[in-house]
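Here is a brisk tour of side-chain contacts, surface features and backbone details. Keep the model open as you read.

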Amino acid sequence: MGGLKNNNGINPEPDEGGGRSLEMLESESLVIKKRSGAYLTWEKLEVAVSSSNGFQPILSGATGYAKPGEIVAIMGPSGGGKSTLLDSLAGQLASNTRSTGRILINSRKLRLTYGTMAYMTQEQALTWTLTVKETIYYSAELQLPKSMPKSEKRERADRTIREMGLQDSINTRIGGWGVKGLSGGQRRRVSICIQLLTHPKLLLLDEPTSGLDSAASYYVMNQIVKLTRQYNMTVLAAIHQPSNRVFGLFSNLCLLSLGKTIYFGPTFAANQFFAANGFPCPDLESPTDHYLMTINTDFDEDIGNNAIPVEQVIDLLVESYKSSAIYMEVQNEIATICRQEGDLIQKKGSMRPSSITQCLVLARRSFINMYRDVGYYWLRLGIYIALGFALGTVFYNIGSGFGSLNARLSLLMFVSSFLTILAIGGFPSFVEEMKVFQWERLNGHYGVGSFVISHALSSAPYLLLISLIPGVIAYLLAGLQREHERFIYFSLILFASMLLVECLMMIVATIVPNLLMGIISSAGIQGLMILSAGFFRLPNDLPIIFWRYPMYYISFHRYALQGLYKNEFEGLEFPEYLGGPPTIDGKMILKGVLQIEMGYSKWVDLGILFGMVFVYRGLLFCTIKITERVKPIITAFLLSSTCRY
């Protein structure tokens, strides 16, 4: 190691204590002098994913380390194992994978928890209606300790925004759904800001410079280097084809291809390693481009004048690396780190904001999102108002004669079923909100319970508005019973039904995030409930198997329709008709004609509906929890089934 020279034309920035040298790999290095922070080591890491032919290896024998104040660059061609390595170190591997090996943090086998680790994945999920300032502010309130004053949280958020060069875009919305907002690179910087807010012990970045030009990439990574040294963070970044200046900022390089470790060691020694194995970097070519072209298997081209297949080149480099002095130094460094235990990194309850704070912050953020997203509620409100006028004019002043009986039944049926089913129109917004939740939950920003409660709080005012305004229009124009109590009950039934359909949509969005499949599934579920509600077939005429038990009793449309029937027909009398009695009492129609259960009042039906709202929210909570465990298994099964054909 002592003979290695920095001959690749890259000039890394000097450390705070002077120039960069090989002393960082000596046994008497920073490991002994400074033991605070997260010292991460991984040895013989193997990861395999299930397929139709068993388990397919995607990471083989990965070994390396990362120390506080330094950044490790993880490079390699697409599919080389970069993201898999980060997932393994973060403890975020899917359940359809198998992994072996040893991952230690400060010589202990433990998993970093909230406030100590941040992981920025490739996929970004940000609330598109919020501005940069709002996004970072709300994230700061969700992540930073509850003991920290709100002014300090905002000060840190402002400082992080400036550090990522977003001060000129602070009032620009994230953008989406055809609305121009931030560029892809700016969104990436917003995602980095969110991860840097807590100054985590361990920071994992997957493609942090994706979408950035060369200048922006350098300034962003240079800022991360400064923060890494300032807060003694341990950083690993999977990076795709960095420029020479960006590459020079990294301390160590982990080069992967086909899941194999081609090289792990100082960045400035990589050029000599390739040259020593017969693959020198041309004078006018970027070293990083040369590394990736040499080990890229996506294109079937031979390397060099000897026409060696790429797979053989990879095997040659892997074997050469394992027998090199660099590999021995890495092993010695790992052994030195593991011999000395560092600080015990554990979860601190005082760091996480209280559940009440999380609920209030999430509810406020969600309320703003719903207000600004035209398609979330406002478009639906407009459609509902139009339908309210349509119902009112079609059934205008239906009167109190016997002939109005069928009109009342049809009107109430439409209100309880087809008017509520239109909530499917908000399904795309539900999917986007679930994506943001899942992305933030990956880093433990808040729990499932806080999300479920906050969404219920933020959506309730809009749903009440949607229930009240169209309800007033349809109720008055149709000329239903003019009593304040009956109208209030009518609106509450519609409101409870809206709450139930909204939660049902969230459950479906959790299980089936695909827009088309989700809308079809939601419509199908509600269609079954409407069929068993007791309108198209009277309750006693429903087939006992499935339709009567259990659908008739679990369909919320049944209780909504039954409550509306009681609300309208109780106290109502119809005049005589040819061959009938002088007057017909409404209760007689409810019990004898409509087969409505009269053993309890309409308020019990309303109470059952609101009780089902709480049950559905509980189901949403359980569905999210179960889906997190089961979904990767189902995905693996579908993939393996596809591979058979």
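## Salt bridges

E43 is buried, at 18% relative accessible area. Buried means under 20% relative accessible area, exposed means over 50%, and partly exposed lies in between (1.4 Å probe, protein chains only). This is a predicted model: local features need pLDDT of at least 70, side-chain atom pairs count only at pLDDT 80 or more, and totals for chains, interfaces and linings use all residues. Residues are numbered from 1 along each chain as its sequence is written, and side-chain values use heavy atoms, with hydrogens and water left out.

What is the partner of E43 in a salt bridge? E43 pairs with R102, and their closest N and O atoms are 2.5 Å apart. E43 sits in strand β1 (residues 40-51) and R102 in strand β4 (residues 97-105), so the bridge ties together parts that are 59 residues apart in sequence. Helices (H or I, at least four residues) and strands (E, at least two) are DSSP runs, numbered from the N terminus. R102 is partly exposed, at 40% relative accessibility. A salt bridge here is a side-chain nitrogen of Lys or Arg within 4 Å of a carboxyl oxygen of Asp or Glu. By this rule there are 14 salt bridges.

K435 and E432 form a salt bridge at 3.8 Å, N to O. Both lie in helix α15 (residues 427-442), three residues apart, or about one turn of the helix. K435 is partly exposed at 42% relative accessibility. E432 is partly exposed as well, at 29%. Elsewhere, salt bridges link E141, R154 and R364 in a network.

## Aromatic rings

A pair of aromatic rings is described by the distance of the centres and the angle of the planes. Rings of Phe, Tyr and Trp (its six-membered ring) pair if their centres lie within 6.5 Å; planes under 30 degrees apart count as stacked, over 60 as edge-to-face and the rest as tilted. The count by this rule is 29 aromatic pairs. One of them joins Y549 and Y553, stacked at 5.4 Å centre to centre with 20° between the planes. Y553 is partly exposed, with a relative accessible area of 31%. Ring pairs also link F247, Y263, F273, F274, Y291, Y321 and Y327 into a cluster.

The rule is NZ of Lys or CZ of Arg within 6 Å of the ring centre and within 35 degrees of the ring normal. R245 lies over the face of Y218, 4.2 Å from the ring centre. The charged end of K602 sits over the ring of Y489, at 5.0 Å from its centre.

## A nonpolar patch

Which residues form the nonpolar patch on the surface? They are Y371, V374, W378, L379, I383, L422, L465, L468 and I469, with about 770 Å² of accessible area together. Patches are made of residues with over 30% relative accessible area and no salt bridge; like charges are joined within 9 Å, and nonpolar side chains (Val, Leu, Ile, Met, Phe, Trp, Tyr) within 5 Å. Accessible areas come from the Shrake-Rupley method with a 1.4 Å probe, and for residues only the protein chains shown count as cover.

Helices α13 (374-394) and α16 (448-478) each supply at least two patch residues. The largest share, four residues, comes from α13. Y371 lies in helix α12 (residues 355-372) and is exposed, at 51% relative accessible area. S467, in helix α16, is buried at 0%. The C-alpha atoms of S467 and L419 are 9.8 Å apart, although 48 residues separate them along the chain.

## Backbone and cysteines

The peptide bond from Y549 to P550 is cis, with omega near 15°. P550 lies in strand β11 (residues 549-550). Q241 has a positive phi, near 50°, in a residue other than glycine. Q241 is in the loop between β7 (234-238) and α7 (244-247) and is partly exposed at 44%. Phi of Q595 is positive too, near 55°. Q595 is in the loop between α21 (586-593) and α22 (602-643).

How many disulfides does the structure hold? The count is zero, where a disulfide is a pair of cysteine sulfur atoms within 2.5 Å. C193 is buried, at 0% relative accessible area. C338 is partly exposed, at 21%.
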